[in-house]
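Thank you all for coming.

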Amino acid sequence: MAADLDVVNLFIIAGGTLAIPILAFVASVLLWPSALIKVYYWYWRRTLGLQVRYADCGGYRFCYTYRGKPGMRPSILMLHGFSAHKDTWLTVVKYLPKHLHIVCVDMPGHEGTTRTNTEDYSIQGQVRRIHQFVETVRLNRKPFHLVGTAMGGNVAGVYAACYSSEICSMTLICPDGIRHPCETKFDNHLQDLEHSNYTLNIPLIPTTPEEMEDMFRLCSHVRFKIPQQILQGLVDVRQPHNTFYQEVFMEIVGENSRYALQEHVHLITAPLQVIWGKQDQVVDVSGATVIAEVLPGCRVDLLENCGHSVVMERPCRTAKLILEFIIMQQDARGGTKKSS
């Protein structure tokens, strides 16, 4: 009997020991879902070998992640979209070779990068800041491959036009800043916002789990089943920054920024790849045709059953296309050198 009691006590102790972390996990999901999201990004950065670093320049601080060292292939600088952050690229980095030198930076004012004033949030202002970052980390010691999505694509395109000698090739993913001939669902939202003098809620700045779900429906063709608690966590993470997001939004839809890429695309001299989701409801896929008409030599890859969030919906395909393009351009330059 005493032995049986010892076994029972052992199971009780073991069960209690296991229950504590399980209950803590469940409590964190129910009570602090935002903390769980931060742990999720931390875990994947570590798993993928990405390290977080800061670069200071004249009182301004950039936060970025990197993996690998400069080598035979060009370094890759990745610029995320509006209200996102450097970890947006984790899904794509997962499918890129570990020997590549990859840098993902928080755009001006976003996440860990210094928040200043609206001058830095216009497309030209962001271009100036990203160039400051590139010089600070000495990424331009030799030409690099530049990738940008959405707002980051607008910035990347203008950057390539202004600093052409620094770019060996580039990829634009559903970039903003183009006068696309076909209207989208978001264009209709934008017209409603303008008519209301921006008193209506901005679809890209959700304040409730329901609005967060609506934003996912707007940005993604693929329907992700996201638990309510995770949606709440995403809202909680973004909520303290919504005033900032509104400032950025007003700048990038303003007269000087809305079509910045359109105004600069003819100045891009680097080999260009355009990747676009055919079902993009934010920036219509017809923008790819507009770019191709100005730069007939650019490569256009249109993805079936994919919306605006290409990086989230088709990460493996996106990584493969980017890598293929980089290798193709590098081989072409090598072939030119050999023939000369």
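Let me start with Gly125, which has a relative accessibility of 1% and therefore counts as buried, the cut-off for that being under 20%. This is a predicted model, so please keep that in mind throughout. Gly125 belongs to helix 4, and, once residues up to four places away in sequence are set aside, Gly125 touches Glu119 and Asp120. If you look across to Val155, you will find that Gly125 and Val155 are 30 residues apart in sequence, while their C-alpha atoms are 9.2 Å apart in space.

That takes us to the pair of helices around this position. Two packed helices are described by the angle between their axes and by the distance between those axes. For helix 4, residues 123-136, and helix 5, residues 151-162, the axes come within 9 Å and cross at roughly 70°. Helix 4 and helix 5 are therefore roughly perpendicular to each other, and their crossing is right-handed. On the helix 4 side the contact is made by Ile123, Gln124, Gln126, Val127, Ile130, His131 and Val134, and on the helix 5 side by Met151, Asn154, Val155, Val158, Tyr159 and Cys162.

Before going further, let me step back to the whole chain. The protein chain contains 13 helices and 8 strands, and of its 340 residues 49% are buried. If we take the contacts between residues at least 6 apart in sequence, 73% of them join residues at least 24 apart. The accessible surface comes to about 16,600 Å², and carbon and sulfur atoms account for 57% of that.

As for confidence, the mean pLDDT of the chain is 89, with 89% of the residues reaching 70 or more. Over residues 1-30, however, the pLDDT is below 50, and this stretch has 6 contacts in the model beyond near neighbours in sequence. Over residues 335-340 the pLDDT is likewise below 50, and there the count of contacts beyond near neighbours in sequence is 0.

Which residues of helix 8 are buried? Across residues 228-238, they are Leu231, Gly233, Leu234, Val235 and Arg238. What covers these buried residues includes helix 2, at 33-48, helix 7, at 209-219, and helix 9, at 242-252.

Let us take two of those neighbours in turn. The axes of helix 2 and helix 8 come within 7 Å and cross at roughly 85°, which makes helix 2 roughly perpendicular to helix 8. Here Pro33, Ser34, Leu36 and Ile37 of helix 2 meet Gln229, Ile230, Gln232, Gly233, Leu234, Asp236 and Val237 of helix 8.

For helix 7 and helix 8, the axes come within 8 Å and cross at roughly 95°, so helix 7, too, is roughly perpendicular to helix 8. The contact is made by Pro209, Glu210, Met212, Glu213, Met215 and Phe216 from helix 7, together with Gln228, Leu231, Gln232, Leu234, Val235 and Arg238 from helix 8.

Staying with helix 7, let me point out Asp214, which lies in that helix and is partly exposed, with a relative accessible area of 43%. Asp214 and Pro203 are separated by 11 residues in sequence and by 7.7 Å in space, C-alpha to C-alpha.

Asn197 is found in the loop between helix 6, at 185-195, and helix 7, and Asn197 has a positive phi of about 60° although it is not a glycine. With a relative accessibility of 63%, Asn197 counts as exposed. Tyr198 is found in the loop between helix 6 and helix 7 as well, and its phi is near 60°, a positive value in a residue other than glycine. How accessible is Tyr198? Its relative accessible area is 26%, and Tyr198 is therefore partly exposed.

Finally, a look at helix 11, residues 286-294, in which Ser286, Gly287, Ala288, Val290 and Ile291 are buried. These buried residues pack against helix 10, at 260-264, and also against strand 7, at 272-277, and strand 8, at 299-303.

That is where I will stop, and I am happy to go back to any of these regions on the screen.

How values were computed. Residues numbered from 1 in each chain as written. Predicted model: local features only at pLDDT ≥ 70, side-chain atom pairs only at ≥ 80, totals over all residues. Heavy atoms only, no water. Helix = DSSP H or I, 4+ residues; strand = E, 2+ residues; numbered from the N terminus. Buried < 20%, exposed > 50% of the residue type's maximum accessible area, 1.4 Å probe, protein only. Contact = heavy atoms within 4.5 Å. Areas by Shrake-Rupley, 256 points an atom, 1.4 Å probe, with all protein chains shown as cover. pLDDT = per-residue confidence, 0-100. Axes fitted to C-alpha atoms, helices over the stretch in contact; angles between N-to-C directions. Parallel < 35°, antiparallel > 145°, perpendicular 65-115°, else oblique. Left-handed = near helix turned anticlockwise from the far one by under 90°.
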